[in-house]
Amino acid sequence: MAYENVRTEVRDGLLVLTIDRAKVLNALNAATMEEIYEVFAAARSDEKVKAVIVTGGGDKAFVAGADIGELAQKTPTTGKETSERGQFILSFIERFPKPVIAAINGFALGGGCELALACHIRIASEKAQLGLPEVTLGIIPGYGGTQRMARLLGKGKALELICTGDRIGAAEAERIGLVNKVVPADQLMATAEEMARKIMSRGPLAVRAAIEAVMSGSDMPSAEGQFLEATLFGLLCASEDTKEGMKAFLEKRPASFKGK
Ligand code: COA
């Protein structure tokens with residue numbers, strides 16, 4: 001499939017999705033959002049894809065936000081539609097059944113920060129700057145950022161970042177838990193790939209269940225989340241992978257998982 005605004009590469013089961021509109025610091029116009037969705041929708045059922053890394057083209061930005069040129073044209077009706085569509089696409093990524101890692105190589109602002117928040121794990125280059133500057137434009141985050149940031153950081157820190165619109169550096173982002181890890185720029189992709197490949201070596205059904213338990217569970221009261229956890233735990237006990245994982249441990253050899 002040919003894309004205009006993104007690039008894709010699959011290497012040994014790892015899909016690298018690069019948002020590639022470097023002239024506008026990879027800003028997300030509607031066409032780019034749809035291409036991102038198409039890539040994830042195709043990858044969902046593609047057995048060759050075991051994990052995804054999302055990053056930005058060029059050396060300056062991951063994604064510098066929604067495309068402000070397009071946003072400036074929105075009416076109340078089209079603005080709401082744009083927000084809802086963005087929420088749908090980022091929720092699709094959040095609920096993706098295979099691990100998704102954001103490799104944040106520069107500015108991750110507005111919709112770019114929201115895209116990173118929808119990924120399961122965030123690794124940032126030392127050069128990265130993150131923030132939700134929407135209020136500086138007279139709007140609020142519209143792709144789920146108010147909800148995901150508050151759930152990840154707590155309401156106080158989320159409100160500080162959202163209401164000031166301040167950008168923070170990678171080290172501060174790591175300190176407050178907005179990113180998992182910070183590495184020198186030239187080690188970003190290797191670090192993201194190393195983490196992706198480690199997860200890919202684990203039982204894929206177990207990883208899928210873990211993502212579902214954490215992501216779906218965090219929207220539920222604890223008792224319901226624990227019910228979901230127990231149900232997924234029980235389901236896994238019927239899998240060949242679970243038997244293989246335990247057998248391999250007892251036989252003191254690495255497990256060979258088949259995703260069955
Ligand atoms: N939408 C559309 N175009 C954008 C953009 C966005 N979100 N972010 C950057 N661009 C464009 C700039 O307009 C500029 O285009 P030009 O070369 O035609 O003038 C180009 O990308 C480079 O950006 P520039 O501002 O010159 O780079 P900089 O290094 O001086 O500043 C930023 C970088 C990220 C700090 C700055 O571009 C910025 O604040 N962007 C907007 C961030 C934002 O508010 N995002 C939330 C949107 S909801």
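Close-up 1. Strands are DSSP runs of E with at least two residues, helices are runs of H or I with at least four, and both are numbered from the N terminus. Two strands pair if DSSP finds at least two bridges between them. Strand β7 (residues 121-125) pairs with β10 in the parallel sense, over three bridges. Within this pairing, Ile123 has Lys181 of β10 as its bridge partner.

Residues are numbered from 1 along each chain as its sequence is written. The model is predicted, so local features need pLDDT of at least 70 and side-chain atom pairs count only at pLDDT 80 or more, while totals for chains, interfaces and linings use all residues; side-chain values use heavy atoms, without hydrogens and water.

**Close-up 2. Asn29 makes a polar contact with Thr32.** The two side chains meet at 2.4 Å. A polar contact is a pair of N or O atoms within 3.5 Å; within protein, one must be able to donate a hydrogen and the other to accept it, and residues adjacent in sequence count only if both atoms are side-chain atoms. Asn29 is found in the loop between β2 (14-19) and α1 (30-44). Asn29 is buried, at 11% relative accessible area. Buried means under 20%, exposed over 50%, and partly exposed in between (1.4 Å probe, protein chains only).

**Close-up 3. Glu84 and Lys80 form a salt bridge.** Their closest N and O atoms are 3.2 Å apart. A salt bridge is a side-chain nitrogen of Lys or Arg within 4 Å of a carboxyl oxygen of Asp or Glu. The two residues are four apart in helix α3 (residues 76-94), so about one helical turn separates them. Glu84 is partly exposed at 40%, whereas Lys80 is exposed at 55%. The structure holds 16 salt bridges.

**Close-up 4. Arg253 meets Glu244 in a salt bridge.** The N to O distance is 2.7 Å. Arg253 is partly exposed, with 30% relative accessibility. Glu244 is buried, with 16%. Elsewhere, salt bridges that share partners join Glu9, Arg11, Glu193 and Arg197 into one network.

**Close-up 5. Asp166 and Pro133 are 6.3 Å apart in space, C-alpha to C-alpha.** In sequence, 33 residues separate them. Asp166 is found in the loop between α6 (155-164) and β9 (167-169). Asp166 is partly exposed, at 41% relative accessibility.
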